Amino acid sequence: MDNEKTIDVLNSIIQINNDRVEGYETASKETEETDLKTLFAGFIDTSNQCKDDLEDEVEILGGEPTESTRITGKFFRVWMDVKAALTGNDRKAILNSCEYGEEAAQDAYEKVLTDKLENLTAEQQTMLAAQKNLLKADYNKIISLRDALVENK
């Protein structure tokens, strides 16, 4: 197995978690609602824990963990800023933006777990699958909150 390829794969997932942290920091600033701020703080904690585990793995392999985000993450944050400005911190708009970001995170993990397995050990695959499940639980919370808004109208 090529350590450089493995480091690249792991760093791509670190970037997704960097995107989530920045996205939820932005989302938290865009809402006045305490329940959403608390929820987003939990999501940030989830991504920071995932990042810590991934960074440890990259360092074990002799690599340097990335601190960057992906271009799509920057797009997500800019889009959320514009959307919040246009909607006046509308709860549904913020949740829709979060849903978009969560779908991107799920897609990134899925792509690695289907297309990059040859670059990952069994332990790394297990770690990434567990992280994907943690992020999926967060995604499901966003969907539930958004759906509750629709049902209450």
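Trainee: Why is Asn-119 called buried?
Mentor: Buried means under 20% relative accessible area, while exposed means over 50% and partly exposed lies in between, using a 1.4 Å probe and protein chains only. Asn-119 has 9% relative accessibility, so it counts as buried. Keep in mind that this is a predicted model, where local features need pLDDT of at least 70 and side-chain atom pairs count only at pLDDT 80 or more, though totals for chains, interfaces and linings use all residues. Residues are numbered from 1 along each chain as its sequence is written, and side-chain values use heavy atoms, with hydrogens and water left out.

Trainee: Where does Asn-119 lie, and what is it in contact with?
Mentor: Asn-119 sits in the loop between helix H4 (91-115) and H5. Contact means heavy atoms within 4.5 Å. Setting aside neighbours within four places in sequence, Asn-119 touches Met-1, Lys-5, Thr-6, Val-9 and Gln-124.

Trainee: And what does Leu-61 contact?
Mentor: Leu-61 is placed in the loop between H2 and helix H3 (71-87). With neighbours within four places in sequence left aside, its contacts are Asn-3, Thr-6, Ile-7, Leu-10 and Gln-124. The C-alpha atoms of Leu-61 and Asn-3 are 6.3 Å apart, although 58 residues separate them along the chain.

Trainee: How many helices and strands does the protein have?
Mentor: The protein has 5 helices and 0 strands. Here helices (H or I, at least four residues) and strands (E, at least two) are DSSP runs, numbered from the N terminus.

Trainee: Why are H1 and H5 called roughly parallel?
Mentor: Two packed helices are described by the angle between their axes and the distance between the axes. Axes are lines fitted to C-alpha atoms, for helices over the stretch in contact, with angles from 0 to 180 degrees between N-to-C directions. The axes of H1 and helix H5 (residues 122-151) come within 13 Å and cross at roughly 20 degrees. Angles under 35 degrees count as roughly parallel, over 145 as roughly antiparallel, 65 to 115 as roughly perpendicular and the rest as oblique. H1 and H5 are therefore roughly parallel. Among the residues that meet there are Leu-10, Ile-13 and Tyr-24 in H1, and Met-127, Leu-135 and Ile-142 in H5.

Trainee: Why is the pair of Phe-40 and Phe-43 called tilted?
Mentor: Their centres are 6.4 Å apart and their planes are at 50 degrees, so the pair is tilted. Phe-40 and Phe-43 are 3 residues apart in helix H2, about one helical turn. Both are buried, and ring pairs link Tyr-24, Phe-40 and Phe-43 into a cluster.

Trainee: Why does Cys-50 count as buried?
Mentor: Its relative accessibility is 1%, so Cys-50 counts as buried.

Terms used: Rings of Phe, Tyr and Trp (its six-membered ring) pair if their centres lie within 6.5 Å; planes under 30 degrees apart count as stacked, over 60 as edge-to-face and the rest as tilted.
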